[in-house]
Amino acid sequence: MNKGKFVLPADGTYVIYFLLGALLLFGARYAGRKKWNEDAFSLRQTKALQGFTAVCIVFHHMAQKTGAPWHDPKVIVYGLEPFVQVGYYFVAVFLFCSGFGLYRSYKTKPDYLKHFCRKRILPVVVAFYLSEWIYIGVRAVMGETMDWKQILWYVTGAQLANSNAWYVIAIPFFYLFFYLAFRYCRREGSAIAWVFAGVLVYMLIGTVTDHNNWWMRGEWWYNTALVFPMGILFGKYEKPVTERAKKGYWLWLALAFIGMFGLYKLSELTTNSLWGYYGENWGDPLKVLHRWGCALNQNLASFSYVCFLFLCMMKIRIGNKLLEILGGLTLEIYLIHGIFVELFGYDFCEIVPSITYIRNVGLYVLVVLACTVAGTFLFHLLYKNVMKIFRTGKNYPPETIGIIERTAE
């Protein structure tokens, strides 16, 4: 097995990377020398960024299914290796934009905290359970044996039928931290500090919890959590931060670039060689401290990645019609794509055989993406109609994962 090495296949899979680049850069405009993209942090730009990031998350999960080094070498096929270990970078984009978007909406929309839970938290919870119940049905159709206890755990969400849905459980807690802090603190600085405190407590729960089948089952639940309050902090100090960034811009960009890769390499060292998150497997007496060390490093690494992206956006205006569509469907993409990642992999959820094993990576990517598009729109229609049940009075658009809130109608 060629562990950790990117092997370029001869079947044309490399074209995928060119298409991803085209998706991001088609319609992009460079601001020019000594000029800036004044629209850099607008709703339109951040939605475009998140639309692209949602696609990257799909690729991350496809890569983990096809080329992750922990699989049996007999089922590994190469082509998507660069996406295997960087999923937390993509999650960080959504967390940062969520924190930033909440703060901006809080400052610009009258009575924003009124009905906050109903308008911002409830839609995410509804989407989670809808997707979970769909996954339960798919698991049953595929032939998974489930006793009544297992069905109960799946139905309640105590165990995840969709293992990728952990984010949709975590983000409502972060939203709740934001609501409570800004609702009951008189000073914004204190409110932000309390959000940081809430996130740190959340991380503490994660670091003391061993890997299992329940909530907080692994490090991915918390290894980018601090990026959320960092988004809030950026929202508060957006103007002075961006003005400072314009002075010595290329130096800041270079530092973010170095941090993005340097801290990633350090993360690989700490998680795979020095400490690791799986201390329970070898009886590590300092497993909690080691998890904290790994998590803080990955939080810094992913924050460097977000800084690099936002610095790039200060110079480059991105956006096209496809990114606009994707940016409005990130919640649905995130929740539904895993079905197709599993249906066409070497097995389904490591439990039962898949429908068909597509070993050719290029064809696998094409089939999964095509099915994800169809599944996303169908899930969107279902979700939209179910949400009508919860709407009373003035209509509002449902919140979606990581998207800065739309202006209410």
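Student: How many residues does helix α10 have, and how far does it reach from its first C-alpha to its last?

Tutor: Helices (H or I, at least four residues) and strands (E, at least two) are DSSP runs, numbered from the N terminus. The expected span of a helix is 1.5 Å times one less than its number of residues. Helix α10 covers residues 249-274, which makes 26 residues, and it reaches 35 Å from first C-alpha to last, close to the 38 Å expected at 1.5 Å a residue. Before we go on: this is a predicted model, where local features need pLDDT of at least 70 and side-chain atom pairs count only at pLDDT 80 or more, while totals for chains, interfaces and linings use all residues. Residues are numbered from 1 along each chain as its sequence is written, and side-chain values use heavy atoms, with hydrogens and water left out.

Student: Which residues of α10 are buried?

Tutor: Buried means under 20% relative accessible area, exposed over 50%, and partly exposed in between (1.4 Å probe, protein chains only). An α-helix has 3.6 residues a turn, so residues three or four places apart point the same way. In α10 the buried ones are Y249, L253, A256, G259, M260, Y264, S267, T270 and T271.

Student: What do those buried residues pack against?

Tutor: Contact means heavy atoms within 4.5 Å. The buried residues of α10 pack against α3 (87-108), α9 (238-246) and α11 (287-313). Just after α10, G276 takes a positive phi of about 90°.

Student: How many residues of α3 are buried?

Tutor: Of the 22 residues in α3, 18 are buried, so this helix is largely enclosed by the rest of the structure.

Student: Now the loops. Is K315 buried or exposed?

Tutor: K315 counts as buried because its relative accessibility is 4%. It lies in the loop between α11 and β2 (316-317). Not counting residues up to four places away in sequence, K315 touches a list of residues including R29, Y30, W36, Y249 and W250. Y249 is also among the buried residues of α10.

Student: Where is T224, and what does it touch?

Tutor: T224 sits in the loop between α7 (188-207) and α8 (227-236). At 2% relative accessibility, T224 counts as buried. Leaving out residues up to four places away in sequence, it touches Y88, V91, A92, L95, N299 and S302.

Student: How far apart in space are E144 and F348?

Tutor: E144 and F348 are 204 residues apart in sequence and 9.4 Å apart in space, C-alpha to C-alpha. For K315 and F379, the values are 64 residues in sequence and 36 Å in space. E144 belongs to the loop between α4 (116-142) and α5 (148-156), and its 11% relative accessibility makes it buried.

Student: What about the protein overall: how many helices and strands are there?

Tutor: There are 14 helices and 2 strands. Of the 409 residues, 53% are buried. Among contacts with a separation of 6 or more, 77% come from residues 24 or more positions apart.

Student: What box do the C-alpha atoms fill?

Tutor: Taken along the principal axes, the box is roughly 55 × 50 × 50 Å.
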